[in-house]
Amino acid sequence: MTTYNEIAGRRVNFLSSDPTYIDTNSEGQVWYNSSTATLKSWLPVGAWISGGSLNTARYSSAASSAGTQTASLIAGGAANPANAVSSATELYNGIAWTPVSSMNTARKYMAGCGTQTAALGFGGRTPGAVNNAITEAWNGSTWTTVNSLNTARRSLTGTGIQTAALAIGGNITVATGATESYNGTSWTTVNSLNTARAGLGATGTNAAALAFGTPSATESWNGSTWTTLPATMNTGRTALGAAGTQTAALGFGGYTTAPSTATESWNGTSWASNPTGLATARYGLSGSGSQTAALGFGGYTTTSLANTEEWNFGVYSYSAAAWASGGNMNTARADNAAAGTQTATVTFGGTPPVTGATELYNGTSWTTNPTSMNTARSALAGAGTQTAALGFGGAGPSAATESFNGSTWTSVNSLNTARRFLAGAGTQTAALAIGGDPAVTGVTESWNGTSWTTSPATLGTARYLFAGTGLQTAAIVFGGRTPPGPATAVTESFNGTSWTSNPSLSATRIAMASAGTQTAALSISGNSGPGGIPFNTAVTEQFNGTAWTNYPSVATSRDQFYGTGTQAAALAMGGYASPTATAATEEFTNVIETAGSKTLTTS
C-alpha cells in the first residue's frame with residue numbers, strides 16, 4: 001500500500017497538540033494529534049461574513065472592480081424607495097461605508113471599474129428610461145464627466161482600471177455583445193462577445209479579461225478577441241457579482257428562477273461550486289477584490305439592499321467587527337463616568353436623579369458596589385482601572401476628586417478649576433482633567449497621585465461635552481461644543497507638554513463616548529445636531545493616529561455617556577437615548593481572525 005511518506009516525501013508529524021499556523025506555507029501540513037486521536041491538516045476553505053452596511057441601499061451600481069476588500073467604492077444605482085435613480089457615492093474601509101461626493105449624473109443599471117481612488121462609472125439608464133453613454137472619472141474626491149461610450153446601453157459590465165478599461169455587453173433595445181476599450185481618454189469599439197448578453201459578470205484587465213453568466217457561458221479576452229471556453233458555470237444566472245482576475249475569478253449571487261446565494265470559483269480552466277454561499281440571496285449586486293478576499297455589496301431581492309458581505313478563502317476564519325449587547329446596568333443613567341476595560345469596568349455617578357452609585361462589570365453583568373461616591377454628581381470625568389480609578393469634577397460645577405480602590409471611595413485633593421462636562425484620561429496616579437464648563441475652558445490639569453497642577457498648555461479649541469482618552473503624556477480629545485454653543489469635529493493630541501491639532505472627526509458631534517489610545521481611538525455615538533435628543537447618532541469612528549474612518553454603528557444611539565477599553569475591545573454604557581436615560585451596555589469587538597484546522601480521520 002502506498003504511504004503518505006511515499007506520496008508527500010515526508011512522514012506525518014505525531015503531536016500531542018495542534019501546531020501553530022504560521023503562514024501560507026503551512027497550508028496542506030498534515031499531523032496526527034495523539035491527544036484527540038485525529039489526523040488533521042491546515043486546509044483552506046471559503047466563507048462569507050457580514051460587513052458594514054451601505055448608507056444607501058441600492059442595486060445595479062458602479063463599483064471599483066479593481067478595488068480591494070478593504071478599499072472599495074460604489075456609485076449610483078437603483079435605490080429605495082421605488083427604485084429611485086441614485087448618484088450617491090460611498091467608500092469602504094474594510095469596516096464601514098462613508099458617503100462622499102455624488103456623481104454628476106444619477107443613473108442605474110450602470111457599470112464601473114478601477115480602484116477606490118481612481119475609478120470609472122459608465123453607461124446605465126437615467127430617469128425616463130433613457131439608455132446613456134455617459135462616463136465619469138473619480139479621482140478619490142470628485143467625479144468628472146469625460147468622453148462617453150460609443151454605444152449607449154444599460155445592464156453592461158466593466159473591468160480593468162481607470163486608464164485601461166473594458167465596457168462589455170449590456171442592453172440597447174436587446175442584449176448586445178458590444179465591447180469597448182478605454183485608454184484613459186476615449187472609448188474605442190473592439191471585437192464583440194461571441195454571445196450577446198446583459199447582466200453578466202466580468203473580471204481581469206483590459207488585456208486579459210473573463211466574462212461569464214447570463215446564463216452560464218464563459219468567454220476569455222486576450223486584448224483583441226473573445227474566445228468561448230468549454231467550461232460553463234455550474235449555476236447559470238444573470239445579474240451576478242464578480243471579483244478576481246482572468247485566471248482566478250469569483251462569481252456570486254445573481255438570479256436564476258429566484259435570487260441566488262451561489263458562489264463559484266474559477267481556476268483558469270473550470271468552475272467549482274463553493275459549499276457555502278452568500279448569507280443573503282440577491283441579484284444586481286456589486287463586487288470587488290480578489291478570489292481569496294472579495295467583497296459583495298448592495299443588490300436586490302424584493303427591495304434594494306444595503307447588505308455587505310466579505311469573502312475569505314484560507315485557513316483563517318473571520319468574525320466581522322461589530323457591537324453586541326452586554327448586560328444592562330442596574331441603574332439607568334446618563335452623564336456618568338467610568339474606568340477600566342471591556343471585561344473589568346467601574347462606572348460611577350450620573351443622573352437622573354443625581355447619584356454617586358457605583359457598579360462593576362465583569363464582562364457579562366453589572367454588580368452594584370456596596371458603597372457609593374462620597375459626593376453624588378453627574379457630568380464628571382474618570383480615569384484609571386476598575387480597581388484603581390479616579391473620579392473628578394462634575395455638575396455644580398464641582399472640583400471634588402475621589403479615588404476608588406475596587407471597593408471604597410476616598411476623597412482626595414480637589415481640582416484647581418471646578419467644572420462639569422470635562423474630559424479625562426490617564427491612570428489613578430497620572431491623570432488629566434481637560435476642558436469643560438461653565439465659562440467654557442481649555443484648561444488642562446495634571447494629577448500626580450496626590451494633587452492637581454494646572455498646565456501652561458490649554459486646548460487650542462476650548463470646549464465641553466466632548467470625549468478624551470489615552471495617557472497623561474499621550475492623550476487625545478475630539479468633538480464637543482464650543483462657545484457660544486456650536487458643535488465641533490476638531491481633534492487634538494497632548495504629548496505631556498502641549499496640544500496639537502489632528503485631522504477632525506468625519507462629522508461634528510457632542511457628548512460622545514471614547515475608548516482606546518492616542519493613536520488607536522474610538523469615538524462612539526453622541527449627538528450630531530445643534531442640540532437635543534432627536535439628533536442622536538449611532539456612528540462609531542476609528543482613529544489610527546492619522547485619520548478618522550467610520551466603523552460599525554452602535555445598536556442604541558445615545559449621548560452624554562461613557563466608554564472604556566481599547567479600540568479592538570470597547571465598552572459603552574448608559575447615556576440619554578430617546579429621550580430618557582438608559583441602562584444599555586454594548587460591547588465592541590474588532591475583526592477577529594482564527595486559524596482553523598480540518599479533521600481528516602478519527603481513530
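Mentor: Let's settle the residue classes first: Ala, Val, Leu, Ile, Met, Phe, Trp, Tyr, Cys and Pro count as nonpolar, Asp, Glu, Lys and Arg as charged, and the others, Gly among them, as polar. Keep in mind that this is a predicted model, where local features need pLDDT of at least 70 and side-chain atom pairs count only at pLDDT 80 or more, while totals for chains, interfaces and linings use all residues. Residues are numbered from 1 along each chain as its sequence is written, and side-chain values use heavy atoms, with hydrogens and water left out.

Now the terms for the spaces. On a 1 Å grid over the protein atoms alone, a cavity is a set of points where a 1.4 Å probe fits but cannot get out, whereas a pocket is an open set with protein on both sides within 12 Å along at least five of seven lines; a lining residue has an atom within 4 Å of a point. Grid points are joined across faces, edges and corners, and a volume is the space filled by probe spheres set on them.

Start with the largest pocket, which holds about 560 Å³ of space. Its lining takes in 29 residues, with Ser60, Leu156, Ala239, Leu240 and Leu285 nearest the centre. By class, that's 15 nonpolar, 14 polar and no charged. At least two lining residues come from each of strand 10 (111–114), strand 16 (157–161), strand 20 (201–204), strand 24 (241–244) and strand 28 (286–289); strands here are DSSP runs (E, at least two residues), numbered from the N terminus.

The second largest pocket comes in at about 450 Å³. Of its 27 lining residues, Gly340, Gly384, Gly426, Thr469 and Gly470 sit closest to the centre. This lining has 8 nonpolar, 19 polar and no charged residues. Strand 33 (337–341) and strand 37 (381–384) are among the strands that each give it at least two residues, and so are strands 41, 45, 49 and 53.

A search of the whole structure finds 1 cavity of 30 Å³ or more, and the largest cavity has a volume of about 220 Å³. Leu422, Phe466, Met512, Phe561 and Tyr562 lie nearest its centre, out of 20 lining residues.

Notes. Helices (H or I, at least four residues) and strands (E, at least two) are DSSP runs, numbered from the N terminus.
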